[in-house]
Amino acid sequence: MRISVILLTLLVSITTFAQDYDFGKVSKEELEETVNPIDSSASAAYLYKFRKTYFQYVKEKGFQVVTEVHERIKIYNQEGFEYATKTVNLYKNGNDKEDLKNIKAYTYNLVDGEVEKEKLDKKAIFKLEQSKYRDQEKFTLPNIKNGCIVEYKYRVDSPYISNIDDYIFQEEIPIKKLEAEFEAPEYFVYKQNVRGYLPITPIKETRNDKITFTNMVRSSGGMSATTSSFQSQDVNFVKNRSSYNLSNIPALKEEAYVNNINNYRSSVKYELSYTKYPDSPMDYYSTTWEAVVKNIYENPSFGSELDKKGYYEDDIDALIGSISDPVQRAYLIFNFVKTRMKWNSYHSYYTNEGVKRAYKDQVGNVAEINLMLTSMLRHAGLRAYPVLVSTRNNGVPLFPTREGYNYVVSCVRFPEGDMLLDATNKYAMPNVLPEKALNWQGRIISEHGGSELIDLYPKKKSLNSVFMMVNLHEDGNLEGAYRSIKTNHNALAFRDKYIDYNKEEYLEKLENKYDGMEVSEYEVKDPLDLSKPITESYKFVKESQADIIGDKMYFSPLFFLRASENPFKLEERAYPVDFSYPQVTKFRIQIDLPEGYKVESIPESGAFKMPDNLGVFKYNLSVQDNKVQLMVNSDINESIITPAYYAALKAYFSQLVEKQGEQIVLSRI
Amino acid sequence: MNFKFCVNIYVLFTTMLVFGQENLHQVNTIPPELLEKSNAVIRLNEVTYNMESVQKMHVQGKRIITILNAHGDKHIDAFMHYDGNIKIKDLKVLVYDAHGNLIDKIKESDFKDVSAVSGGTLYSDSRVKYLSHTAINYPYTIEFIYDFTDENTAFIRSFVPVNDFLVSVEKSSYTVNYPRDITIKTKEKNFDDFNLEKEEVEGIIHFEVKNIKAFKDEAYSPEFFDMAPMVLVTSTEFQLEGVQTKVETWNDFGNWMYHDLIKDTHDLSEATKAKIKALVKDEPNDYSKAKKIYEYVQNKTRYIGVQVGIGGWKPFNASEVDALGYGDCKGLTNYTLALLQAAGIKSNYTVVYAKASQRSFENDFVSMQGNHVILNIPMENEDVWLECTSQKLPFGFIGDFTDDRDVLVISPEGAEIKHTKKYTVEDNLQTIKANYVVSNEGAIDVNIHVVSEGIQYDDKYMLETETERDLDKAYKERWGYINRISIDEMHIENNKTDVQFIENIHFQAGNYAKKIGDRMLLTLNTVNRNTHIPDRYRNRIWPLKVKRGFKDVDEIEIKWPAEYKIEAMPKAITIENKFGSYKTAIETIDENTLIYKREFIIKDGAFPKEDYDAFRNFHKEVSKQDNAKVALIKTNL
C-alpha cells in the first residue's frame, strides 16, 4: 500500500513535470506570467534548471566527464536582461581542455497571443581567451523583451575527473524547478559536500553498465600470411548516481557585513576522494581530513618544499646564532622573512616557482613565503607547523576537501600558547593575521601528517583608544588636541593604509573625513616599530561644533567622533554579521567650557549591552567647575554574530548612536 | 661612518661618469620638485611614429618610470593592445632597483596575453599583453620598450605627456616621421604654464617637454583634458580597416563617415517599414512620431557590445538589429535613425565624448574623436537628442552622460559641430512638500512628497526598478542622519512624459526631537539637509568649475504637542552670492504649528581658484543652517 502510494505520486509528478520541462515546450502560461509568484521583486527566475554530470568512456582518452545543462529562464523586466547572456568557463592545460558542444538556444515571446520563438545564431557564440588556463564562451539571445523566456542547453566534455564544477542550487533569482544528477562509475569515488541553508538530500541509486573493448589480435602461422581478427571483451561495472529534485528555491540576497555570501549559497560539491581501477590499488585524493592533509602534504609543492633547507641555512644560522630564547628566535626569523620576501599577490598552499627560487628572487606566493618561514622556524628548533587556511573570499571549509583551503600560514607552538604568523604582509604581527585570513578555523599539520583544527579568529581585542582635550569656544568652534592608540588589527589596518603612501595625501584625506577640519602638528610615532601600538596625534580646529539657540548652547560631548548612523539598515537578516575581530573603542574626552556659560543639563551616565555579552557600551560623564570629563567604551566581544542576535545588534547600535548623540546644554550666566 | 662616507663618494663618482640615460635608472637623480605630491615619476617617455605610408605606421617607444610608492604601481602601464592590424615586433621590460642596478628582465613571452573585453561588451577581437609585476622594494624603476606596426593609421596617439594625476614627468618626447604624400596636423593645448620645445622640418615633427610637476586631483576642477598640456596630432590621410581616406574639414570627415561607414547600413525590410508607418500614423507631428519610435526601440532592444574588425567603427546593419533586438551604441543609434527615416523623419548619427565630465569635441581640429554615439533630431525649436542604448530614459532626455558639450553631427551633407542640451539651474529642480507631527516622546511621523526634474531626475530615476527591500535601504541611506527610521509607505511614479520623478513616502522615527529635561530640541529640516561639504585643500591649484547647477525648494509643515511652546527659534536666513543662494523662512501658524521654507540654489559656472574657499564656506554655512533647531519648552497647561 505504502509503496504503491509513493510510486503513484512519483508517476503523477513525472507526468505533470516531465512534459513541461522538455526542451522547447515553453507554455503560453509561462509567457503570460508577469510577476514571480514566490518573489514579486524578482527581475527574472529560473523556471527550470537542469544539470547532469556523468562519465563516458572514450577510446584512447579513457573516462571523460560530460556535463549536460538545460536552463529555462523567465525574464520579467529589464533588470533581468543580463540572464539572456550566458557565459561558460572552460579550463585548459596544454592539450587537455574542456569542450563546449551542442549549444541550442531560443528566445520565446508572446506576440498577439501566440508563442513566437527565435533561434540563437551560431555566429553569435563567441570564444575568449581569459588566460593560459581558461577560455570563456559566451552567447546572448536575440529579441529579449520584458516577459520573454530564454531557454538553452549545451554540453561540456571535460578530461578533469578531479575537478567537477559545483552544483549551484541557489541563485540571485528564484528557481522554480531544479533537477540535477551526478553519476560516476565505481572506479571514481566522490565525496559530496552540501553547503547552504536549504535542506538538500539526494536520491541515491546504483546502475549497471559495461564498456566493450575491441582488440585486434594478430596470429601468424609460420610461412603463411598473418591474419588479424577482432576480439571484444566486456568490462562490467556499477555506476553510483545521486539525483536532486527541488522546487521554489528563494533567491539569495546580498547583505552588508557578510564575509562571503557564497558560504550561505546552497550548493553541492563533488570532490574526488579516491580512484580504484580494477586490479590496482586505491589512489586517494581526499576523504577524511587526514586524507586531505596527507594528500597535500605529499604533494612535492608542499611537504618536500618544507624540508628544503640548504638555501637559507647560512643566513638563518648567522641571524640566530647568538640567540637562544625561542620566542626571540621566532620574532627574528619572522621579521627576516617579512623583510626579505615580497608577496606577489598569488594565493595557494602549493609553491609555484619553489621556495629556493623564491628566496633568491625575494618574491613568492603565499606558500613559498610561509612554508619557507615554517621551515626556518623548525631549523631554529621551534615547533613550527603549516596551517591550511581558507581566505574569506574562498568561503568556509565545512568538509574535507583540497579546494576548501587556498592559503597557508605558520603556527609556532610554545608552552604559553600558539603563535600564528603570516609573513606575506610586512606589517602583520604574531597572532595578527591579515584580515583576509581571518576565516573561522584553519588546519594545523603536524610532522607526521596528522592535523587538527585551530581557531583563527583572534582572542585578543583590537583597541582604538582616543584621548582628546578640547576647548569649546563661545561661537561653537572647537579647538583641541587628539591622540589615539591602536593595537593589533586596528594597528595593522592603519599601517596598511598609511606607511607606503603619500603623507600629504593622507593628511588631506584625514581632514576631509571630518569635513575639512584643520589639522596641524600631525604625528605618527614609529609606525615601523611593530612592537609598539600605533600612536597618532595632532592638533585641530573644527568649526560649528555646538548649536547656539537663544542664550543656550547644545552639543554632543563626542563632537565629530560620535557615530551618526546605524550601519545596520536592513529590517531582517539571514546571515551572520562578521566583524572580523573583537574590538574595543574608547574615548576619553576632556572639554573646557566657554567662559560665561554654566552647565544646565548633561546626559546621564550609564551602560547597556547586547545579550550574552556580545557587545557592551559604557558612558560616564562628569562635570567639575568648567570642565567636562567623558569616558565612553564600546566593546564588540565576538568576531561573528549570528542572525539570531540581529535584532538585538541593530537595537544596540541604534541605542549607541542615540547615546552618543545626547547633548549637553549650557546656558549663559 | 667612514665606510658610509666612502659609499656616498662612490655613488657620486659613478653618477658623474655615467652618460646618456643610464642615470635615469637611479632614484637620486630625480629633481626634487618632481617628488612632491607624486607617486611615480616618468623619467623618460620617448615615442616615434614612423608613417611609412598611409597604409602603415611603425611605432617605437621607450618609457622609463620610477615608482615611488605602492600607489604608484598602477602607473607602470606596461601593456600593449593588439588586434589583426597590429604586429608586435618587440616588447620587453627591464626592472631596476633604487640604485639603478638591473634586477629583472621580462621578455614578450612572459607578458600575460588575454582578450581585452571590458565590462558591458560581449565580444571584441582586441587583445592585450600586459606585465604583472610585484615590487620588492620602493622606489624602483621600470623601463618598458615596445615596437610595433599598425595598419590602422587613423589613430596616431596625440602627445600627452601627463596622462594621470600624481605622476610627474622628467622628460617626454614625441616624433612623427612622415612621407610627402601625408599631411600631419597638430594642435597645442594648455601650454600656458609649460614650455614646449618643438622642431618642425619637412617630414619630421618633434616635441619635447621637461620637468612637469605632478598634477593633483581636486574636487570641482575642470576636465583633465582642459588642464593637461598636450599636442593633438592627426594625419589628414589615413587608413581604417583597409579603407583609405583623406579628410581636411569636418565636412570631409562627415562625408567619409557617412558614405563609408553609415549609409549602407540603413537597410530595413518592407515589413518593418510598414510596421513603423502603421505605428505612427495617428501621431499629429514629427515630435510625437519620433517619441513613439524611440519608445518602440526601447521596448525592442537592449545594449550588447560586439566589436569585430571594422565593427569597432561601423554600425551593425539596421536589419540585423531589427532581427536580433540588440546592438551597441552605434548599432542602436543607427537602427533608430533608420526607423525614423521610414516614418519620414530626418535624424543624424552623432559622435560624442560620453561621461559626466562634459568633454567637448575639439572644434577646430578635424580628427577621430569621441567614444560614444547618440542621435540628433533637428526640430524647429530645439534639437532633440536621444540616448539609444537606454531602455529607461524618457524621450529627449540625455542626462549627465552626454549633456552640455560640443559633439559631431553627421549627415548626408557632411558634418557640423553642435552643442547638446544644457540642463540649467531651473531645469534641475527638486520640490519637496512635507508635513510631520512630533509626539510627546519626540518621535516624528512624516509624510513627504518629492518631485525631481532635470539632472535631479537623472539622479533618481533608477530607483523606480529597485526592489522594495533595496528601496527601503536607499531611503534609509538618503536620510541616514535620522536614527530609528522606519518607513511604511513608498510610492514612486516615473512620469516620463513630463520627465518628473515623484516620490511619496511615509515614515516614523523615534527620538527624533531630543528631549533634554523640560526641553525638546527639534531640527526643522528633516528631509533635505545638505550634508555635502566640498573637500578642503591647503593650497588650491585648479580653478573652480561647477558643471551643473540645481535648485531645491522645500516646504514643511511641523506640528508638536500642545504642552510645548517655542522657547527659541532660528532666524530666517538669506544668503546670496555668485555661487547661488540659500533662503529659509519660518511662519508660525499657531502655537503648535509652523511652516519651514527653504530654497537652495547652486549655479553652474567657472570661477578662479581663489573663489574655492568661499564656495566651500557657502556649503558649510548651508550645512550648518540646515541643522538649525527650535527649542521647545514644556509649559504647565
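Student: How are α5(A) and α6(A) oriented to each other?

Tutor: In this predicted model, local features need pLDDT of at least 70 and side-chain atom pairs count only at pLDDT 80 or more, while totals for chains, interfaces and linings use all residues. Residues are numbered from 1 along each chain as its sequence is written, and chains are lettered from A and ligands numbered from 1 in the order in which they are written. Helix α5 (residues 313–320) and helix α6 (residues 326–340) of chain A pack at about 135° with axes 10 Å apart, where axes are lines fitted to C-alpha atoms over the stretch in contact and angles run from 0 to 180 degrees between N-to-C directions. Since angles under 35 degrees count as roughly parallel, over 145 as roughly antiparallel, 65 to 115 as roughly perpendicular and the rest as oblique, α5(A) and α6(A) are therefore oblique.

Student: Which residues of α6(A) does α5(A) meet?

Tutor: Two residues are in contact if their C-beta atoms, placed from the backbone, lie within 7 Å. By class, this contact has six nonpolar, no polar and one charged residues, with Ala, Val, Leu, Ile, Met, Phe, Trp, Tyr, Cys and Pro counted as nonpolar, Asp, Glu, Lys and Arg as charged, and the others, Gly among them, as polar. On the α5(A) side stand I316(A), L319(A) and I320(A), and they meet R329(A), L332(A), I333(A) and F336(A).

Student: Which residues have the most contacts inside the largest nonpolar core?

Tutor: A nonpolar core is a set of buried Ala, Val, Leu, Ile, Met, Phe, Trp, Tyr and Cys residues joined through C-beta atoms within 7 Å, and a residue is buried if 20 or more other C-beta atoms lie within 10 Å of its own, exposed if 12 or fewer, and partly exposed in between. The largest such core has 119 residues, and helix α8 (residues 366–379) of chain A gives the most to it, with eight. The residues with the most contacts inside this core are L373(A) and V408(A).

Student: What share of the residues in chain A is buried?

Tutor: Chain A has 11 helices and 37 strands, which are DSSP runs numbered from the N terminus (helices H or I, at least four residues; strands E, at least two). Of the 669 residues in chain A, the buried share is 35%.
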